[in-house]
Each structure stands twice: as C-alpha cells, then as structure tokens.
Amino acid sequence: MAASGARLHLVTPVWNRSTRGIRGLSRAVGPEGSQKKGRSLLQFLADRFYDVQALREYLLRKQVLTVHQKNRPFTYIQERFGPHVAGVYFILKQGGAVKFQGKEWIRSNARGHFPLDFVTFQAVPVEAVDASGCAINYQGLDSLLALKELQSLWLQRCPHVDDWCLSRLHPLANSLQELSLAGCPRISERGLACLHHLQNLRRLDISDLPAVSNPGLTQILVEEMLPSCEVLGADWAQGLKSGPEEQSRDTASPIPA
Amino acid sequence: AHDGKTVGRLGEGNQNGKLSEIKKKIQSVLPGGAWNPLYNTSHLPPEHSDVVIVGGGVIGLSVAYWLKRLEKRRGAIRVLVVERDHTYSRASTVLSVGGIRQQFSVPENIQLSLFSIEFLRNINEYLAVVDDPPLDIQFNPAGYLLLASEKGAAVMESNVKVQRQEGAKVCLMSPEQLRNKFPWINTEGVALASYGMEHEGWFDPWCLLQGLRRKVQSMGVLFCHGEVTRFVSSSSHAVTTSGEEVTLKRIHEVHVKRDHSLEYQPVECAIVINAAGAWSGQIAELAGVGKGPPGTLQGTRLPVELRKRYVYFWHCPQGPGLETPFVIDASGAYFRREGLGNNYLGGCSPTEEEEPDPGNLEVDHDFFQNKVWPPLAQRVPAFETLKVRNAWAGYYDYNTFDQNGVVGPHPLVVNMYFATGFSGHGLQQAPAVGRAVAEMVLDGHFQTINLSPFLFNRFYLGVKVQEHNII
C-alpha cells in the first residue's frame with residue numbers, strides 16, 4: 001500500500017503532503033487548509049459512530065508502531081557480531097550512511113540493499129555517521145550509541161529526533177567533534193542546552209530549526225556554552241524584528257555631527 | 001384533611017390555615033403550577049458512578065486515566081472526577097516549579113520517577129487524541145545538581161549507589177570537577193555533588209494537566225465542578241483472628257455540593273479515591289478516618305496537612321548560562337534557569353519553626369531576603385546582583401509523618417483509596433502513582449511497582465519511610 005517505499009512521517013504536514021490512501025486518515029497534527037474537507041467528514045463520523053472512532057484510533061496507533069518497528073534493536077546481530085556491527089547495520093537499514101576509518105562511505109542503494117562486508121571490520125572504529133532524513137528516534141539511539149569512537153554525526157532533517165534524544169548524546173563526549181542538527185523539526189533550545197557535555201565538539205550546525213523560539217539569542221547562548229566550538233546557525237540579526245524599515249530610516253536621516 | 005376537621009372548633013384559624021396550605025399544594029401540582037418533579041439536573045453530577053475521584057489535579061486525573069486504560073472492557077468503569085476549583089487557582093499542580101528527578105534515597109521513589117519520565121517522554125503516545133495537536137510539555141533535560149557538605153557526603157554516596165542500582169543515570173563530582181564544569185559555582189563548603197545526566201529536568205505542569213484532562217474526557221470520564229461535603233457510609237463488625245472486634249466502614253454515597261448554592265447531589269459509588277492534595281486530611285476526616293481513641297487503628301488520622309511554600313522569580317544579567325541544571329544547595333535553597341533571558345526560579349523550604357501560616361497564598365518577601373538569597377548568593381556569586389521580578393506561593397500536601405506519599409486503601413474504611421501526601425514531589429510521580437492506584441483498584445494488589453511501604457498501615461505501625469532529600 002505504501003507507494004514507492006515512501007517513509008511514514010508522523011509530524012509536520014510539511015514532510016507529508018499526501019492524504020490519499022488510508023494512512024492519511026488520522027494524524028495527531030492540527031488540521032491544515034486543503035486537508036480540512038476530508039478530515040471534517042471523518043471527524044463528523046467519528047463523533048457519531050464508535051466504530052469509526054475506534055478505527056481512527058487504531059490507525060493512529062499503527063503509525064506510532066511503525067516508527068517503533070523501524071527503531072527496534074537487532075538483538076540477533078548484536079549477539080552474533082557485537083554492538084558495534086549492530087549499530088552500523090541499524091544505520092544502514094534506516095537508509096543512512098557509515099564511514100569507517102580509512103575506508104569509503106557505505107550507503108544503501110535505492111532498493112535498500114547495502115554491502116555486508118563491514119561485518120569483518122569489527123576492530124575498525126566508525127568515524128562518521130550520516131543519518132540525515134532517517135526515522136531514528138530515542139529508542140533507535142540505543143544502537144547508535146554503541147559506536148563509541150564516532151567523530152561526526154549528521155542528523156539533518158530527522159523528523160523524530162527531539163530534545164530527549166539530544167540529552168542522550170553525552171556518552172559520545174570524548175570523541176564527537178562534529179554534529180549537525182539542521183532542519184530537525186522537533187529540536188528546541190531546551191535540547192540544545194544539554195549539548196554542553198560534548199566538550200570536544202568543534203563544529204555544530206543548528207541552522208533552520210523551526211521549533212527554536214529565538215534563533216539569534218539561542219546561537220549566542222550556545223556559543224557561550226561551547227567556547228571552543230564553531231556554531232553554524234541563524235545569523236544573529238535574524239532575531240531582530242524591525243529589520244528593513246529601521247535600516248532605511250537610518251540611511252535617510254543624516255546623523256547630527 | 002380528616003384530622004384537621006376533627007381537631008376541634010376552637011382551632012378554626014388553624015384549620016383554615018391548614019386547608020389553604022393543602023389547597024396551595026394541590027394547585028402547584030396541577031399543570032401550570034410551581035412544583036416540577038422532573039426538573040433539569042444536567043448541571044449536577046450523575047446519580048451513580050463506580051469510582052468517585054475527589055480532586056482533579058494531576059494525581060486525580062492520572063488515576064482516572066489509568067483506570068480507563070487498564071479496564072478490561074471498553075466502558076466497563078464509570079469514573080467521576082470532582083474538582084472544587086475549576087480555575088486551579090490554588091492547586092499544587094499548576095503552582096509547582098515542575099522539576100522531575102530520580103535522586104531520591106527510597107528505591108520506590110526512584111522507580112516511580114523513572115516510570116514517570118518514560119511517560120512524559122512518550123506523552124504523545126499515551127495521551128494521543130485523534131484530531132488534536134500533539135502536546136509539547138517543554139521539557140528541559142538539564143538534570144539536577146545536588147550539593148553536599150562534609151556531613152552529607154556519605155549519605156549522598158550511598159544514595160547515588162541506590163539510584164544507580166535502580167537505573168538512574170547519576171554521576172558523582174568532586175569540587176574540582178564542579179569548578180571545571182560550572183565555573184559560576186563557588187565550591188566553598190561543598191564536599192561532593194551528584195549530577196543527573198539524563199531523565200531529569202523540568203517541564204510545564206499545566207500542559208501535562210491539560211493533556212490528561214483532554215485525554216481523560218475523550219475516554220469518557222465525567223467531570224463535576226463541586227465540593228464533597230459528606231460521605232454516607234455503613235458499618236459492619238468483624239472479628240480478627242486474635243479475637244479483636246473491628247468496625248469496617250463502607251462508603252455508599254458521596255454528597256457533591258455545587259459552588260455558591262445549597263444544591264447537592266448524592267452520588268452512589270463503589271470506590272472513592274482521595275486525591276485532594278493539600279486538603280486530603282479534611283476529606284479523610286469526613287469519611288471517618290481517625291475517629292476513634294488515639295493509639296488505635298481507628299484513631300489514626302491521615303497526617304496530611306497544608307503547608308505553604310514560596311517560589312521567587314528573579315532576573316540576574318550575569319547569571320549562569322544555558323547549561324545550568326536544577327541546583328539544590330546543601331542548605332536547602334534551590335534554583336533553576338527559566339527561559340533564555342537570564343531569568344531564574346528558586347526558593348527554599350522553611351524549617352519547622354518558620355512555617356508560614358497556610359491560611360492564604362500571600363507571599364512573604366522578607367523570607368527571600370533573609371533565607372533564600374544569602375545561601376544562593378554564597379553559592380553563586382553572580383546572584384549577589386539580582387532583581388526579584390515576581391513571586392507566588394503554593395501548597396504542599398505535606399505528610400507530617402515521613403514526607404512521602406500515601407497510596408492504597410484504608411484498612412478500615414474499605415473502599416477509600418489514598419493517593420496523596422507527596423510533600424512536594426507529587427507532580428513528578430503522578431503518572432506512576434496513577435497506575436499503581438488503578439492496579440490496586442482493579443486487581444487488588446500492586447503489579448508493576450510495589451508500593452506496599454506507602455500504605456496507610458505504616459502510620460499505625462509507626463514504620464517511617466524517610467526520604468533524605470526533599471526540597
């Protein structure tokens with residue numbers, strides 16, 4: 001039923017525009033414009049019939065369970081090959097990419113298949129993980145945190161990475177040097193506050209975080225919190241509301257000598 | 001009418017009075033009259049309810065949620081939540097500072113808090129309502145930092161050991177490590193510190209309350225805005241194995257009175273849950289708990305009292321930054337960051353002698369000047385220049401016996417269950433306590449977390465479950 005292997009996203013309508021098909025029927029998000037007509041009929045029915053209500057609740061739970069299923073731990077691989085390999089397998093299965101030290105990037109192709117020769121790399125540390133766009137959540141970080149010598153972690157545009165996940169990153173404090181959180185819809189300044197554990201961090205990308213209330217101020221505070229880290233984020237002037245009008249007024253009136 | 005006529009001719013005036021009364025009554029019964037036996041009672045609570053929960057704060061709503069969630073068949077249990085104060089203006093839930101920690105010394109407290117944080121983390125799975133937006137409880141995972149002086153260092157070490165055993169992520173820090181990590185702390189007098197790395201922080205209690213309320217309403221729980229004024233119960237006598245006679249009471253009806261009116265509704269119920277927070281002692285007295293000779297089980301009162309606590313909100317421009325955890329000093333003073341603008345919330349628990357009068361919620365600003373500011377300014381030198389912007393007061397449902405919660409049924413009033421007395425850490429244990437009470441009601445025993453040390457019996461037996469850290 002899921003056309004073209006598209007991933008299911010629970011949250012913001014920005015990431016999931018289609019309401020066609022039975023999966024679009026119930027979502028725990030506030031209604032948006034064009035979807036209102038279809039939703040109000042269902043809401044009408046759900047208010048009046050227990051069956052429709054139960055069906056909608058079931059579909060909602062199903063969506064949640066799908067995300068859980070994606071983040072399940074691979075216990076067999078963990079027991080057989082160790083947590084290191086299980087972590088790498090988890091990332092690759094989610095659709096991410098892994099780079100071992102001294103080797104090339106390993107990525108899954110369009111069909112979801114990837115080479116399995118990394119099982120022999122048990123002693124080789126993993127340098128970088130690119131989990132951009134993956135449906136990794138708090139549960140899935142279990143597998144990721146097994147990679148103790150990780151130096152770069154990219155979590156761009158991950159729809160389920162939130163403040164709770166950031167509070168879990170402290171075991172990687174010794175090795176992590178680069179972290180990118182750009183475009184994650186659930187991260188706010190409250191989660192960024194617990195990045196102070198990562199004292200070896202040299203590059204942090206916190207641009208385009210829609211849930212951060214005050215991007216300019218947050219960037220300043222994060223820079224103060226991590227003095228030896230280069231923070232890429234919103235330009236500090238973005239937080240100022242009266243932008244263009246005040247500037248033009250200043251240039252128009254001459255400054256008294 | 002017959003009697004009126006035969007009483008005698010002397011009482012002619014009386015006779016006429018009685019006749020006219022009877023005439024008036026007959027006239028009112030006929031259509032168009034004033035008497036209407038089938039009047040509208042939709043503003044009153046229902047006449048029957050399986051469970052009546054006295055108190056609609058976070059604990060009461062949590063019990064309602066878990067009762068509906070753990071019931072065997074959909075719609076099996078009818079639950080009524082009675083809340084006196086529909087604006088929650090004096091409820092402890094919304095006036096709370098909103099912190100959650102696992103740094104306790106009693107293992108059950110740690111387990112309760114661990115489950116509650118898991119509940120909060122997955123709140124949008126537990127409290128999801130179709131078509132409603134997801135909840136954002138604004139959780140700050142900043143952790144708690146407890147500071148101990150020389151005297152308390154050994155206790156802190158043993159506490160941390162217990163916490164680690166239960167699964168909390170806590171680490172111990174020496175004064176030097178503290179100075180490296182948080183340069184704004186003055187470590188003079190600090191021998192040891194324990195820092196929670198995960199699962200600790202603070203959140204917005206109002207959001208949790210609204211989320212619970214919304215979900216619980218969608219599950220079919222009835223709400224009533226009213227006050228419980230009376231319990232109608234029946235007694236039965238039983239003889240224990242040792243030959244003593246005990247009087248068991250069973251509550252049959254709860255009289256719920258509406259605000260600003262004399263109207264009340266007797267709600268027939270099977271189980272009553274006392275989640276009235278700071279006023280639980282009064283509700284328990286109404287039910288007959290503690291009415292007996294002192295020293296016996298019948299004479300053991302519920303030792304939960306109102307205690308007033310102040311919270312102050314100040315601004316300090318050079319204060320600690322984004323990484324500030326919830327700091328609790330060895331002296332008992334605490335503070336935490338609030339927002340991004342160098343604002344902080346904090347307070348201190350007064351000693352027994354300095355307890356303020358809980359009659360009203362007026363704030364005593366001298367308390368801040370004399371008791372809160374000096375220890376905080378000594379610990380964080382930047383706080384020497386601060387400006388108090390706001391302050392409020394709230395109630396603790398203070399358990400004078402051992403400052404820990406009372407959960408479970410009363411041994412004599414057999415269908416009254418308690419979920420109160422948490423003395424300042426009720427909010428952070430609410431989801432887990434709700435589940436424990438629901439398990440007790442539905443299954444008769446605790447299933448997931450064993451809270452038998454928190455039963456009412458301990459007040460009679462004198463067994464204290466003493467906690468070594470409370471704010």
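Student: In which sense do strands β1 and β3 of chain A pair, and over how many bridges?
Tutor: Helices (H or I, at least four residues) and strands (E, at least two) are DSSP runs, numbered from the N terminus. Two strands pair if DSSP finds at least two bridges between them. For β1 (residues 97-100) and β3 (residues 126-130) of chain A, the sense is antiparallel and the number of bridges is four.

Student: What should I know about the model and its numbering before going on?
Tutor: Residues are numbered from 1 along each chain as its sequence is written, chains are lettered from A and ligands numbered from 1 in the order in which they are written. The model is predicted, so local features need pLDDT of at least 70 and side-chain atom pairs count only at pLDDT 80 or more, totals for chains, interfaces and linings use all residues, and side-chain values use heavy atoms, with hydrogens and water left out.

Student: Which residue in β3(A) stands opposite A:Phe100?
Tutor: Look across from A:Phe100 to β3(A). The residue opposite is A:Val126.

Student: Which strands stand at the edges of the chain A sheet?
Tutor: The sheet is open and mixed, with seven strands in the order β2-β1-β3-β4-β5-β6-β7. An edge strand has a single partner, so one side is left without a neighbour in the sheet. Here the edges are β2 (105-107) and β7 (230-232) of chain A.

Student: How many degrees are neighbouring strands of this sheet turned against each other on average?
Tutor: Axes are lines fitted to C-alpha atoms, for helices over the stretch in contact, and angles run from 0 to 180 degrees between N-to-C directions. With direction ignored, the average turn is 10°.

Student: What is the twist from one strand to the next in the eight-strand sheet of chain B?
Tutor: That open sheet runs β5-β6-β4-β12-β13-β14-β11-β15, with mixed pairing. Its edge strands, β5 (170-173) and β15 (387-399) of chain B, each pair on one side only. The twist averages 20°.

Student: Which residue of β14(B) stands opposite B:His315?
Tutor: Four bridges join β11(B) to β14 (residues 343-348) of chain B, and the two run antiparallel. Opposite B:His315 stands B:Asn343.

Student: Why does the length of helix α3 of chain B agree with its residue count?
Tutor: The expected span is 1.5 Å times one less than the number of residues. For the 13 residues of α3(B) (residues 58-70) that gives 18 Å.

Student: Are the rings of B:Phe119 and B:Tyr126 stacked or tilted?
Tutor: Rings of Phe, Tyr and Trp (its six-membered ring) pair if their centres lie within 6.5 Å; planes under 30 degrees apart count as stacked, over 60 as edge-to-face and the rest as tilted. There are 35 such pairs over all chains. Here the centres are 4.6 Å apart and the planes at 25°, so the pair is stacked.

Student: How many residues apart are B:Tyr310 and B:Phe367?
Tutor: Their ring centres are 5.6 Å apart with planes at 50°, so the pair is tilted. B:Tyr310 is in β11 (residues 304-315) and B:Phe367 in α11 (residues 365-379) of chain B, a separation of 57 residues.
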